Amino acid sequence: MRIFLIGFMGCGKSTFGRKLAAKMSYDFIDLDHLFESTAGTSIREYFNANGEEAFRQEESRILKSHDYPTNCVVATGGGAPCYFDNMDWINNNGVSVYIQMSPAALAQRLEKGKAKRPLLKDLNNAEIVDFIEHKLAERASYYEQAAITTDGMNLNIEELIAQVIYR
Ligand SMILES: Nc1ncnc2c1ncn2[C@@H]1O[C@H](COP(=O)(O)OP(=O)(O)O)[C@@H](O)[C@H]1O
Ligand SMILES: O=C(O)C1=C[C@@H](OP(=O)(O)O)[C@@H](O)[C@H](O)C1
Ligand SMILES: [Mg+2]
(Lines give C-alpha, C1' and ligand atoms only; values in the text may rest on other atoms or scores of the structure.)
(Ligands and ions follow the chains in the order given, each with its own letter.)
Protein backbone atom coordinates (compact mmCIF):
# COMPACT_ATOMS: atom_id res chain seq x y z
CA MET A 1 0.00 0.00 0.00
CA ARG A 2 1.14 3.53 -0.83
CA ILE A 3 0.00 6.28 1.51
CA PHE A 4 0.24 9.90 0.35
CA LEU A 5 0.10 12.54 3.09
CA ILE A 6 -1.21 15.88 1.89
CA GLY A 7 -1.95 19.21 3.55
CA PHE A 8 -0.68 22.72 4.04
CA MET A 9 2.96 23.56 4.86
CA GLY A 10 3.50 22.94 8.55
CA CYS A 11 0.71 20.40 9.11
CA GLY A 12 3.32 17.73 9.88
CA LYS A 13 3.47 15.64 6.69
CA SER A 14 7.24 15.14 6.93
CA THR A 15 7.43 14.65 10.70
CA PHE A 16 4.38 12.41 11.05
CA GLY A 17 5.07 10.60 7.77
CA ARG A 18 8.42 9.39 9.00
CA LYS A 19 6.87 8.05 12.24
CA LEU A 20 3.96 6.45 10.41
CA ALA A 21 6.29 4.69 8.00
CA ALA A 22 8.48 3.42 10.86
CA LYS A 23 5.43 2.10 12.72
CA MET A 24 4.17 0.26 9.63
CA SER A 25 7.66 -0.88 8.59
CA TYR A 26 7.10 0.90 5.28
CA ASP A 27 9.62 2.96 3.35
CA PHE A 28 9.37 6.70 3.86
CA ILE A 29 9.67 9.12 0.96
CA ASP A 30 9.62 12.89 1.30
CA LEU A 31 8.72 14.45 -2.05
CA ASP A 32 10.63 17.63 -1.16
CA HIS A 33 13.79 15.60 -0.50
CA LEU A 34 13.24 13.62 -3.68
CA PHE A 35 12.94 16.93 -5.54
CA GLU A 36 16.17 18.22 -4.03
CA SER A 37 18.16 15.08 -4.77
CA THR A 38 16.80 14.90 -8.32
CA ALA A 39 17.35 18.60 -9.05
CA GLY A 40 20.69 18.60 -7.26
CA THR A 41 19.80 21.81 -5.43
CA SER A 42 17.59 23.02 -2.57
CA ILE A 43 13.97 24.02 -3.21
CA ARG A 44 14.86 27.54 -2.11
CA GLU A 45 17.66 27.79 -4.67
CA TYR A 46 15.48 26.18 -7.34
CA PHE A 47 12.73 28.77 -6.76
CA ASN A 48 15.29 31.59 -6.89
CA ALA A 49 16.84 30.37 -10.12
CA ASN A 50 13.77 29.11 -12.02
CA GLY A 51 10.60 30.47 -10.37
CA GLU A 52 7.51 28.76 -9.02
CA GLU A 53 6.02 27.67 -12.36
CA ALA A 54 9.14 25.63 -13.19
CA PHE A 55 9.10 24.18 -9.68
CA ARG A 56 5.49 23.00 -10.11
CA GLN A 57 6.25 21.35 -13.46
CA GLU A 58 9.26 19.52 -12.06
CA GLU A 59 7.47 18.59 -8.82
CA SER A 60 4.64 17.05 -10.84
CA ARG A 61 7.02 15.17 -13.09
CA ILE A 62 8.91 13.73 -10.11
CA LEU A 63 5.70 12.86 -8.23
CA LYS A 64 4.41 10.86 -11.19
CA SER A 65 7.62 9.26 -12.44
CA HIS A 66 9.21 8.04 -9.22
CA ASP A 67 9.45 4.28 -8.86
CA TYR A 68 7.69 3.90 -5.48
CA PRO A 69 8.16 0.78 -3.40
CA THR A 70 5.02 -1.35 -3.03
CA ASN A 71 4.62 -0.27 0.59
CA CYS A 72 5.49 3.30 1.43
CA VAL A 73 4.43 6.52 3.09
CA VAL A 74 4.96 9.61 0.94
CA ALA A 75 5.06 13.08 2.49
CA THR A 76 4.14 15.37 -0.40
CA GLY A 77 4.93 19.08 -0.56
CA GLY A 78 2.08 21.36 0.52
CA GLY A 79 1.32 22.52 -3.01
CA ALA A 80 1.78 19.20 -4.80
CA PRO A 81 -1.88 18.03 -4.87
CA CYS A 82 -3.08 21.46 -6.05
CA TYR A 83 -1.48 21.67 -9.49
CA PHE A 84 -2.19 19.96 -12.82
CA ASP A 85 -3.93 16.59 -12.36
CA ASN A 86 -1.66 15.66 -9.43
CA MET A 87 -4.50 15.00 -6.98
CA ASP A 88 -6.18 12.59 -9.42
CA TRP A 89 -2.83 10.89 -9.92
CA ILE A 90 -2.38 10.55 -6.15
CA ASN A 91 -5.85 9.08 -5.71
CA ASN A 92 -5.30 6.65 -8.56
CA ASN A 93 -1.97 5.49 -7.16
CA GLY A 94 -2.47 5.28 -3.42
CA VAL A 95 -4.47 6.21 -0.34
CA SER A 96 -4.49 9.96 0.28
CA VAL A 97 -4.59 11.34 3.80
CA TYR A 98 -5.28 15.04 4.41
CA ILE A 99 -3.76 16.36 7.63
CA GLN A 100 -6.09 19.25 8.41
CA MET A 101 -5.21 22.24 10.61
CA SER A 102 -6.40 25.80 11.14
CA PRO A 103 -4.44 28.76 9.68
CA ALA A 104 -3.62 30.03 13.19
CA ALA A 105 -2.14 26.70 14.28
CA LEU A 106 -0.21 26.37 11.01
CA ALA A 107 1.18 29.89 11.37
CA GLN A 108 2.48 29.13 14.84
CA ARG A 109 4.37 26.10 13.56
CA LEU A 110 5.72 27.88 10.51
CA GLU A 111 7.18 30.92 12.20
CA LYS A 112 10.39 28.99 12.85
CA GLY A 113 10.81 27.02 9.62
CA LYS A 114 9.95 29.74 7.13
CA ALA A 115 13.48 30.32 5.78
CA LYS A 116 13.49 27.07 3.82
CA ARG A 117 9.97 27.60 2.46
CA PRO A 118 10.21 30.08 -0.43
CA LEU A 119 6.53 31.04 -0.31
CA LEU A 120 6.94 32.28 3.29
CA LYS A 121 10.48 33.53 3.56
CA ASP A 122 9.73 37.25 2.99
CA LEU A 123 6.66 37.43 5.24
CA ASN A 124 6.56 38.66 8.85
CA ASN A 125 4.56 36.70 11.42
CA ALA A 126 1.36 38.75 10.95
CA GLU A 127 1.55 38.38 7.17
CA ILE A 128 1.99 34.62 7.46
CA VAL A 129 -1.48 34.16 9.00
CA ASP A 130 -3.05 36.23 6.23
CA PHE A 131 -1.12 34.35 3.54
CA ILE A 132 -2.13 30.97 4.97
CA GLU A 133 -5.81 31.93 5.17
CA HIS A 134 -5.86 32.90 1.49
CA LYS A 135 -3.70 30.05 0.23
CA LEU A 136 -5.61 27.45 2.23
CA ALA A 137 -8.90 28.75 0.83
CA GLU A 138 -7.45 28.30 -2.69
CA ARG A 139 -6.17 24.83 -1.95
CA ALA A 140 -8.93 23.38 0.23
CA SER A 141 -10.93 21.92 -2.68
CA TYR A 142 -7.91 19.80 -3.63
CA TYR A 143 -7.05 18.67 -0.11
CA GLU A 144 -10.69 17.75 0.45
CA GLN A 145 -10.49 15.14 -2.32
CA ALA A 146 -8.43 12.98 0.04
CA ALA A 147 -9.72 9.52 0.88
CA ILE A 148 -9.16 10.19 4.58
CA THR A 149 -9.05 13.45 6.54
CA THR A 150 -7.39 13.58 9.93
CA ASP A 151 -6.98 16.32 12.57
CA GLY A 152 -3.39 17.60 12.59
CA MET A 153 -3.70 18.74 16.20
CA ASN A 154 -4.56 15.24 17.40
CA LEU A 155 -2.58 12.89 15.21
CA ASN A 156 -2.75 9.31 16.37
CA ILE A 157 -0.70 6.73 14.51
CA GLU A 158 -2.72 3.64 15.53
CA GLU A 159 -6.05 5.29 14.71
CA LEU A 160 -4.83 6.42 11.34
CA ILE A 161 -3.44 2.98 10.49
CA ALA A 162 -6.82 1.44 11.35
CA GLN A 163 -8.61 4.01 9.20
CA VAL A 164 -6.31 3.37 6.25
CA ILE A 165 -6.59 -0.40 6.52
CA TYR A 166 -10.37 -0.58 7.10
CA ARG A 167 -11.41 2.29 4.81
N1 LIG B 1 2.48 16.90 15.91
C2 LIG B 1 3.24 18.01 15.99
N3 LIG B 1 3.18 18.79 17.09
C4 LIG B 1 3.93 19.91 17.19
N5 LIG B 1 4.78 20.34 16.24
C6 LIG B 1 4.89 19.61 15.12
C7 LIG B 1 4.12 18.41 14.94
N8 LIG B 1 4.42 17.91 13.70
C9 LIG B 1 5.32 18.76 13.18
N10 LIG B 1 5.62 19.77 14.01
C11 LIG B 1 6.56 20.88 13.77
O12 LIG B 1 5.95 21.71 12.80
C13 LIG B 1 6.88 22.11 11.79
C14 LIG B 1 6.43 21.63 10.44
O15 LIG B 1 6.47 20.20 10.40
P16 LIG B 1 6.75 19.40 9.05
O17 LIG B 1 6.70 17.95 9.39
O18 LIG B 1 7.97 19.93 8.38
O19 LIG B 1 5.46 19.82 8.19
P20 LIG B 1 5.18 19.70 6.64
O21 LIG B 1 6.08 18.64 6.07
O22 LIG B 1 3.73 19.35 6.54
O23 LIG B 1 5.45 21.06 6.07
C24 LIG B 1 8.23 21.56 12.26
O25 LIG B 1 8.89 22.55 12.99
C26 LIG B 1 7.85 20.39 13.15
O27 LIG B 1 8.84 20.15 14.12
O1 LIG C 1 2.98 24.61 -0.03
C2 LIG C 1 3.85 24.75 -0.92
O3 LIG C 1 3.59 25.30 -2.02
C4 LIG C 1 5.22 24.23 -0.68
C5 LIG C 1 5.44 23.39 0.39
C6 LIG C 1 6.77 22.86 0.73
O7 LIG C 1 6.64 21.56 1.34
P8 LIG C 1 6.09 21.37 2.87
O9 LIG C 1 4.59 21.36 2.79
O10 LIG C 1 6.63 20.04 3.31
O11 LIG C 1 6.61 22.52 3.67
C12 LIG C 1 7.65 22.77 -0.51
O13 LIG C 1 7.19 21.78 -1.39
C14 LIG C 1 7.69 24.10 -1.21
O15 LIG C 1 8.33 25.02 -0.35
C16 LIG C 1 6.31 24.62 -1.62
MG1 LIG D 1 7.49 18.58 4.50
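Modeller: In this predicted model, R56 is placed in helix 3, which spans residues 43-65. According to the unreviewed UniProt entry, the annotation "binding site" covers R56 together with D32, G78 and R139.

Biologist: Is R56 buried, partly exposed or exposed?

Modeller: One counts the C-beta atoms around a residue: 20 or more others within 10 Å make it buried, and 12 or fewer make it exposed. R56 has 17 other C-beta atoms within 10 Å, and therefore it is partly exposed.

Biologist: Where does G78 lie, and why does G78 count as buried?

Modeller: G78 belongs to the loop that runs between strand 3 (72-75) and helix 4 (86-93). G78 counts as buried because it has 21 C-beta neighbours inside 10 Å. Leaving aside residues up to four places away in sequence, G78 touches G7, F8 and M9.

Biologist: Which residues are around ligand 2?

Modeller: G78 is one of them, and the others include M9, K13, S14 and D32. By class, this shell around ligand 2 holds four nonpolar, four polar and three charged residues.

Biologist: How many residues surround ligand 1, and which are the closest?

Modeller: Ligand 1 is surrounded by 14 residues, of which G12, K13, S14, T15 and R109 are the closest. Helix 1 (13-24) and helix 5 (103-113) are the elements that give two or more residues to this shell. Helix 1 gives the most, with four residues. The shell around ligand 1 comprises five nonpolar, six polar and three charged residues.

Conventions: Residues numbered from 1 in each chain as written. Chains lettered and ligands numbered in written order. Predicted model: local features only at pLDDT ≥ 70, side-chain atom pairs only at ≥ 80, totals over all residues. Near = placed C-beta within 6 Å. Nonpolar A, V, L, I, M, F, W, Y, C, P; charged D, E, K, R; others polar. UniProt positions renumbered as here; feature names shortened; annotations may be inferred. Contact = placed C-beta atoms within 7 Å.
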